[in-house]
Amino acid sequence: EATELGGEGTLEFALKVFDSAFNNVKKSFPLTLELNSDIHMELSVDSTDTEMSLHIVEVKATTSATDLTNYAGPVHFLFQNGCTVDSTTGPVPISPDQPKKKRFKFKVFKFVASNDNIYIHAKVKSVWKR
């Protein structure tokens, strides 16, 4: 049974790039990476609510720094409707006691006939588990 709850507050979501062991966050951008190497990312929501969890809805790559609804450039989806749609994309296991984080990796690529930077955009949902 689904119940809709209302409330006010602020949630902070983050999308970070890590090393392969998820020990160090990459903080210098733009990153220069080798084609076909693995890139490791983490989505998270910062909340003191222990009953909250995070779910991936969509993750895509574009050549635009902003996620525009009328964007006409190249788009490559990694996740759609919560499922991976890119064959190189996969979840990275994380402890079950960290439901407010999702980790994944994918192979570095570039768009054909483009030397532009690639930007990753994510849509997530936070769910109250009660």
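**Close-up views of a predicted model**

Strand E1 (12-18), strand E2 (38-46) and E8 each give the lining of the largest pocket at least two residues. This is a predicted model, where local features need pLDDT of at least 70, side-chain atom pairs count only at pLDDT 80 or more, and totals for chains, interfaces and linings use all residues. Residues are numbered from 1 along each chain as its sequence is written, and side-chain values use heavy atoms, with hydrogens and water left out.

**View 1. The largest pocket and its lining.** The space in this pocket comes to about 710 Å³. A pocket is an open set of points on a 1 Å grid over the protein atoms alone, where a 1.4 Å probe fits, with protein on both sides within 12 Å along at least five of seven lines; lining residues have an atom within 4 Å of a point. Grid points are joined across faces, edges and corners, and the volume is the space filled by probe spheres set on the points. The lining has 24 residues, and Leu31, Leu33, Asn117, Ile118 and Tyr119 lie nearest the centre. E1 supplies the largest share, 3 residues. By class, 16 lining residues are nonpolar, 4 polar and 4 charged. Here Ala, Val, Leu, Ile, Met, Phe, Trp, Tyr, Cys and Pro count as nonpolar, Asp, Glu, Lys and Arg as charged, and the others, Gly among them, as polar.

**View 2. The open sheet E1-E2-E7-E6.** Its 4 strands pair in the antiparallel sense. E1 and strand E6 (90-91) are the edges; each has a single partner strand, so one side of each lacks a neighbour in the sheet. Strands are DSSP runs (E, at least two residues), numbered from the N terminus. Two strands pair if DSSP finds at least two bridges between them. E2 and strand E7 (residues 101-107) are joined over 7 antiparallel bridges. Isoleucine 39 faces phenylalanine 106 in E7.

**View 3. The open sheet E5-E4-E3-E8.** Pairing among these 4 strands is antiparallel. Strand E5 (83-84) and strand E8 (119-128) stand at the edges. Strand E4 (residues 75-80) pairs with E5 over 2 bridges. Phenylalanine 79 stands opposite threonine 84 in E5.

**View 4. Lysine 60 in strand E3 (residues 52-62).** Lysine 60 counts as buried because its relative accessibility is 12%, under the 20% limit (1.4 Å probe, protein chains only). Its side chain makes a polar contact with that of aspartate 67 at 2.9 Å. Such a contact is a pair of N or O atoms within 3.5 Å; within protein, one must be able to donate a hydrogen and the other to accept it, and residues adjacent in sequence count only if both atoms are side-chain atoms. Beyond neighbours within four places in sequence, the contacts of lysine 60 include Val75, Phe77, Tyr119 and His121, with contact meaning heavy atoms within 4.5 Å.

Technical notes: Buried means under 20% relative accessible area, exposed over 50%, partly exposed in between (1.4 Å probe, protein chains only).
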